[in-house]
Amino acid sequence: YLRERALPQGGNGGSSGICVAGSLSEECGAKKNESCGLCSAYSLECGVNSECVEASPTVPTKAPTNNPTKSPTSSPTKSPTSSPTKSPTSSPTKSPTVVTCTDTICGNDIANTREPLQCDPSDLSLTILNNFEYTDGGVTDSLVKLLGPSDPALAAALVIAVPHGGSLKPDYIGDRTENDPTYCPSGGCRILADSYTKPIAETLANKFIQNYCKVPYLIINELHRSKMDANREIGEAAFGNAIAESAWTKFHEYINEAQTHIQTEFDTVYNEASIEGVRGLVFDVHGYAGTDWHNEGSDFIQWGYRLGKDSLDQNAVNNCPIDITSSSTRGSFTHARQMPDESLECLVRGPKSLGQRFNDQLPLSLASSMTCGRGLPSLDYPDPKAVASDPAYCADNDGVCHYYSGGYDVEVHERMDWYNDPSFHGSHMNTVQAELPRCIRFATDETR
């Protein structure tokens, strides 16, 4: 239950009131929940009410690793009159003397990778499994597609969704507007497409087939976002248009259909909290301009787990690790976080987080900068709030740039019964949102 790998170097506990691996004190063991039951794993003490409190000893240090590019956790001192700059040839480095909560807890984690298989993918391809069409004036349009393996036995345990990559603008669906008083929230509606996310998702799916001889599921909304936004609830998504509402429904039904195929093929597993989860992942592909970061756009891939900047703020009191402050239904890795020897902290920004896995494949020969494609959050850049308010990265007038933490798709499709299970009582499937920067989306095919 406790993660022995996360104990301080040389620390074996034993003092009164401190939870230690294999030897929970009566006081700490009285409340085996996410807070107290994991006290020792986070170098914390158990308080008088069985809650975790900050330990009196100093945080142990850890020998610096060879991770090449780690971001600073604090904003550099900068003249208030100077303009923000960004080096096109070097990546910011993180001082090896800075030991973060993530370093302490996840330092011994290893990101295992699966090398491409020696297999023949020539007979494998994406097959159209379902296609929602509409005919108007003798012309038939494909509005939403579900693609995948021709045989479920050939499936990969991966669902790729593209809600904003469509370009179709049919006249039979009225335009969504940015400030409609009936359907738009106070911040307005988004109507711009996430350019090039569709071909990138298709390339990702086909590369997966080539490397592993397994076929992922791919769901594509072909409608332009000005006609239907598949990553919003139905009112804001369709503005009351019946055809757009039908397309929205099909988009989410197709995601669920793919999840169900994966559940049948790969089965489910129960975690330590007795939550049943499907062995697979929903990967929601988006794009963002990021011009508040710099005129040419931010370089980071922003990974969204439904954890906002404040939840990931490492400077906030009692905010790290995020397992302590995050409830069992907060964040989109509700199932994975409570598997044996896992934690939300490490899954989101540790060595085996998606952000860090991408970082470890960089730098690449990119035209824009050495930070293009690096993950936020990740082990190198664990704190989106610190990065988004750092003038070395953010050029916005108010000094704080936007971080996309995950939207409607990753929230509802973490539940297998996506439409009828708002309380998360049923089966789960882990979900993540990837916001791709312009330096990837508008680059060459080779760079992508």
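The model is predicted, and local features need pLDDT of at least 70, side-chain atom pairs count only at pLDDT 80 or more, and totals for chains, interfaces and linings use all residues. Residues are numbered from 1 along each chain as its sequence is written, and side-chain values use heavy atoms, with hydrogens and water left out. A search of the whole structure gives 14 salt bridges, five disulfides and 15 aromatic pairs.

**Helix 3**

- Helix 3 covers residues 197-212, which is 16 residues; helices (H or I, at least four residues) and strands (E, at least two) are DSSP runs, numbered from the N terminus.
- From first C-alpha to last, helix 3 reaches 22 Å, close to the 22 Å expected at 1.5 Å a residue; the expected span is 1.5 Å times one less than the number of residues.
- Thr197, Ile200, Ala201, Ala205, Ile209 and Tyr212 are the buried residues of helix 3, where buried means under 20% relative accessible area, exposed over 50%, and partly exposed in between (1.4 Å probe, protein chains only).
- An α-helix has 3.6 residues a turn, so residues three or four places apart point the same way.
- The buried residues of helix 3 pack against strand 5 (155-162), strand 6 (215-221), strand 8 (276-287), strand 11 (428-436) and helix 11 (438-441); contact means heavy atoms within 4.5 Å.
- Cysteine 213 follows helix 3 and has a positive phi, near 55°.

**Salt bridges**

- A salt bridge is a side-chain nitrogen of Lys or Arg within 4 Å of a carboxyl oxygen of Asp or Glu.
- Lysine 198 and glutamate 222 form a salt bridge, with their closest N and O atoms 3.0 Å apart. The pair links distant parts of the chain, 24 residues apart: lysine 198 is in helix 3, and glutamate 222 is in the loop between strand 6 and helix 4 (234-238).
- Glutamate 222 is buried at 10% relative accessible area, whereas lysine 198 is partly exposed at 22%.
- Arginine 225 and aspartate 229 meet in a salt bridge of 3.0 Å, N to O, and both residues are buried.
- Aspartate 445 and arginine 448 are joined by a salt bridge of 3.5 Å, N to O. Aspartate 445 is exposed, with a relative accessible area of 63%, while arginine 448 is partly exposed at 32%.
- Asp194, Arg225, Asp229, Arg232 and Glu236 belong to one network of salt bridges that share partners.

**Disulfides**

- A disulfide is a pair of cysteine sulfur atoms within 2.5 Å.
- Cysteine 213 is joined to cysteine 119 by a disulfide, S to S 2.1 Å, and the link is right-handed, with 100° about the S-S bond.
- Cysteine 119 is partly exposed at 30% relative accessible area; cysteine 213 counts as buried at 14%.
- The sulfur atoms of cysteine 184 and cysteine 189 are 2.1 Å apart in their disulfide, a left-handed link with -120° about the S-S bond. Both cysteine 184 and cysteine 189 are buried.
- Cysteine 372 and cysteine 439 form a disulfide with sulfur atoms 2.1 Å apart; the torsion about the S-S bond is about 100°, so the disulfide is right-handed. Cysteine 372 lies in the loop between helix 8 (354-359) and strand 10 (375-376) and cysteine 439 in helix 11, so the pair ties together parts that are 67 residues apart in sequence.
- Cysteine 372 and cysteine 439 are both buried.

**Aromatic rings**

- Rings of Phe, Tyr and Trp (its six-membered ring) pair if their centres lie within 6.5 Å; planes under 30 degrees apart count as stacked, over 60 as edge-to-face and the rest as tilted.
- Among the 15 aromatic pairs, tryptophan 248 and tyrosine 408 form a tilted one, 6.1 Å centre to centre with 45° between the planes. Tryptophan 248 is in helix 5 (residues 242-266) and tyrosine 408 in helix 10 (residues 408-412), 160 residues apart, and both are buried.
- Ring pairs link Trp248, Tyr408, Trp418 and Tyr419 into a cluster.
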